[in-house]
Amino acid sequence: MRKLFALVERELLAYFSSPLAYVVLTAFLFINGYVFYLIVAFLNDPRTQAMAPLKLLFGGTIFFWLYLLFVVPVITMRLLAEERRTGTLEVLLTSPVSEGQVVAGKFIAAFVFYLFLWLPTCVYVWILAGHATIDFGPVWAGYLGIAVLGLLFLSVGTFTSALVRNQIIAAILAFAVLVVVFSIGLVENIATGAALKGALGYMNLWNHMDDFAKGIVDTRHLVYSLSLTGLFLFLATKALEASKGR
Amino acid sequence: MIEVEGLTKRFVDKDAVANVSFFVPEGEVLGFLGPNGAGKTTTMRMITGFLPPTSGTIKVAGLEVAHDSLAVRARIGYLPENVALYPEMRVEEYLRFRAAVEGVGRAEMRARVDEAADRCMVADVRRQVIGTLSKGYRQRVGLAGALIHRPPVLILDEPTVGLDPRQIVKIRELITELGREHTVILSTHILPEVEQVCRRVLIIDGGKLVADGTPAQLRSGFSGAAQLAVQFEAPEAEAQAALAKLSGAAGVRSEGGGRFRVAVEGGADLRREVFSLAVAKGWVLLELVQTTPSLEDVFLRLTTHDAAAEAEAPVAEVANA
């Protein structure tokens with residue numbers, strides 16, 4: 001456990017000592033702020049029907065998915081690819097830590113950083129609370145959805161970073177896999193046949209996030225995301241084991 | 001401490017390491033010699049468990065690397081060839097990280113970091129960011145990281161590469177000192193280093209073990225290599241014939257200008273006989289030196305034949321075409 005903690009600590013230190021972290025943070029805040037402004041401006045228009053603004057912020061618009069698809073590969077691309085490129089992976093994998101611990105340490109650090117990205121959005125909640133009464137149930141559920149989807153997306157990025165030694169290639173691979181994971185459920189809308197439609201609907205992440213934002217915590221959604229997370233982390237561990245000495 | 005038995009590593013179509021066996025007792029400093037690409041790093045990586053062997057077994061402290069990988073890793077301190085470090089970390093942060101990963105407890109942490117930093121002479125840069133350090137310092141930080149958990153076995157892959165002469169001397173002293181408490185395997189292609197530091201030497205070439213012994217054994221076991229350099233003012237043919245008749249002379253080669261090289265059998269000393277010969281014949285003796293083969297001679301003799309064969313091969317192909 002102490003070893004895992006040391007791995008997480010080192011990884012977080014690496015995040016915050018690289019300019020990338022601050023670029024990602026700034027860009028993320030800028031886009032998020034802009035979207036929040038758009039939503040509030042849009043809802044202020046008397047012609048629109050009343051809606052919960054945070055529901056729109058959490059997955060209600062394409063922006064949410066766009067930056068999740070772009071930001072996550074940028075967060076995860078460095079994790080294992082960089083260690084392999086510089087050779088520090090050799091030191092790590094000849095220390096008494098298992099491949100699973102290495103993957104877990106990297107993944108947890110990436111998740112902490114991801115949550116840190118979302119932290120400033122709490123300000124939006126505070127701003128809205130000053131002007132209207134807020135139903136906090138959907139807000140909590142929305143953040144839970146963000147966390148759960150984050151786990152899934154980050155596990156994909158961790159996996160692709162374990163495959164290659166080039167960060168850019170790791171990011172592109174992660175993006176490619178994430179587009180598939182994200183869009184497979186969207187095929188539901190054009191699918192025919194009840195069974196196929198049902199299966200695809202189960203995998204429709206957009207609907208999952210929509211439910212979370214409405215305040216619905218559906219265990220099926222949780223099981224889907226968390227089991228995929230487990231699968232990708234398992235694959236990352238196997239990739240790391242197979243790549244020893246390569 | 002380390003038992004290697006029939007170790008082979010095959011990459012695609014060629015054996016990087018072919019059927020290598022050796023044993024390293026506890027407390028020995030073993031020098032691993034060989035030209036670049038001979039299989040030194042591959043062998044070391046297999047001992048550390050970083051590279052799985054194609055066949056053969058490796059035991060460290062009685063534990064098989066293939067089965068008890070984590071337990072073996074805990075007993076080995078490894079400094080890889082390129083000394084990979086995290087450039088964004090401070091020296092102290094790095095050492096603390098290495099200590100935690102190697103399983104050093106919280107209570108001992110501070111003492112171990114201090115000890116490693118002192119021994120490897122990096123205490124003066126503890127607060128410095130690794131990326132800003134010189135190559136010599138980085139090498140020593142890597143070494144400090146490798147021995148921070150006081151492992152019984154140290155595996156150092158070319159630890160003195162890229163250091164200036166003064167740093168090389170210091171690192172050698174450190175390795176000699178470490179050899180008193182640890183079993184050390186050290187790879188290098190710097191021969192004087194081996195003579196100074198190692199009690200035993202393995203020479204590997206083309207993935208095969210070609211020699212195994214103490215530096216002195218390797219030199220003396222190399223028969224016919226001891227030579228006598230002689231220069232007379234004398235008739236060429238007569239002098240050569242006289243030298244060849246000396247008992248203990250295995251062969252005489254004339255180098256012109258009255259210079260001769262006499263190959264000596266079994267380490268005999270012929271200088272007295274040569275002097276008496278010169279006195280008896282009334283020749284002026286200009287030079288008389290007995291040379292014993294250096295480890296370098298042994299090394300070159302053992303490892304150059306393959307290179308020559310390889311160099312010939314493409315020529316033959318061209319001729320056939």
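Predicted model: local features only at pLDDT ≥ 70, side-chain atom pairs only at ≥ 80, totals over all residues.
**Figure 1. Overall fold of chain A.** Chain A contains 13 helices and zero strands, so that its sequence reads as the pattern α-α-α-α-α-α-α-α-α-α-α-α-α. The C-alpha trace of chain A spans about 65 × 45 × 30 Å along its principal axes. A compact globule of 246 residues would have a radius of gyration near 18 Å, and the 19 Å of chain A agrees with this value. Of the 246 residues in chain A, 41% are buried. Among contacts in chain A between residues at least 6 apart in sequence, 77% link residues at least 24 apart.

Figure 2. Eleven helices and 14 strands are present in chain B. Chain B is more spread out than a compact globule, because its radius of gyration is 25 Å, well over the 20 Å that the globule rule gives for 321 residues. Along the principal axes, the C-alpha trace of chain B extends over about 80 × 50 × 40 Å. The domain assignment divides chain B into domain 1 (2-214) and domain 2 (227-291). The centres of these two domains of chain B, taken over C-alpha atoms, are 47 Å apart. Buried residues account for 40% of the 321 residues of chain B. Of the contacts in chain B with a separation of 6 or more, 66% involve residues 24 or more positions apart.

**Figure 3. The side of chain B that touches chain A.** In this view, 23 residues of chain B are in contact with 21 residues of chain A. The elements α1, α2 (69-75), β6 (76-79) and α3 (91-101) of chain B each supply at least two residues of the side that touches chain A. By class, this side of chain B has 15 nonpolar, four polar and four charged residues.

**Figure 4. The open four-stranded sheet of chain B.** Four strands of chain B form an open sheet with the order β2-β1-β4-β5 and antiparallel pairing. Strands β2 (14-24) and β5 (63-64) of chain B are at the edges; each has a single partner strand, so one side of each lacks a neighbour in the sheet. Strand β4 (residues 55-60) of chain B runs antiparallel to β5(B), and two bridges join them. Within this part of the sheet, Leu63(B) of β5(B) is the residue opposite Val60(B).

**Figure 5. Helix α1 of chain B against the sheet.** Helix α1 (residues 40-48) of chain B lies across β1 (2-11), β2 and β4 of chain B, and runs at about 120° to β1(B). Nine of the nine residues of α1(B) are buried, so this helix is largely enclosed by the rest of the structure. Lys40(B), Arg45(B) and Met46(B) are among the buried residues of α1(B), as are Thr41(B), Thr42(B) and Thr43(B). Gly49(B) follows α1(B) and has a positive phi near 85°.

**Figure 6. The surroundings of Glu193(B).** Glu193(B) belongs to helix α7 (residues 191-197) of chain B. Glu193(B) has 20 other C-beta atoms within 10 Å and is therefore buried. Leaving aside residues up to four places away in sequence, Glu193(B) touches Thr160(B), Arg172(B) and Thr188(B). Ser134(B) lies 59 residues from Glu193(B) along the chain, and their C-alpha atoms are separated by 22 Å.

**Figure 7. Gly206(B) in the loop between β9 and β10.** The loop between β9 (200-205) and β10 (208-213) of chain B contains Gly206(B). Gly206(B) counts as buried because it has 21 C-beta neighbours inside 10 Å. Although Gly206(B) and Asp15(B) are 191 residues apart along the chain, their C-alpha atoms are separated by 8.3 Å.

**Figure 8. The hairpin of β12 and β13 in chain B.** Strands β12 (residues 249-256) and β13 (residues 259-264) of chain B run antiparallel and are joined by six bridges. Arg253(B) stands opposite Arg261(B), a residue of β13(B). Two residues lie between the strands of this hairpin, where Gly257(B) adopts a positive phi near 65°.

Definitions and conventions. Residues numbered from 1 in each chain as written. Chains lettered and ligands numbered in written order. Pairing = 2+ DSSP bridges. Contact = placed C-beta atoms within 7 Å. Axes fitted to C-alpha atoms, helices over the stretch in contact; angles between N-to-C directions. Buried ≥ 20, exposed ≤ 12 C-beta atoms within 10 Å, placed from the backbone. Nonpolar A, V, L, I, M, F, W, Y, C, P; charged D, E, K, R; others polar. Domains from an automatic or database assignment. Rg over C-alpha atoms; globule rule 2.2 N^0.38 Å.
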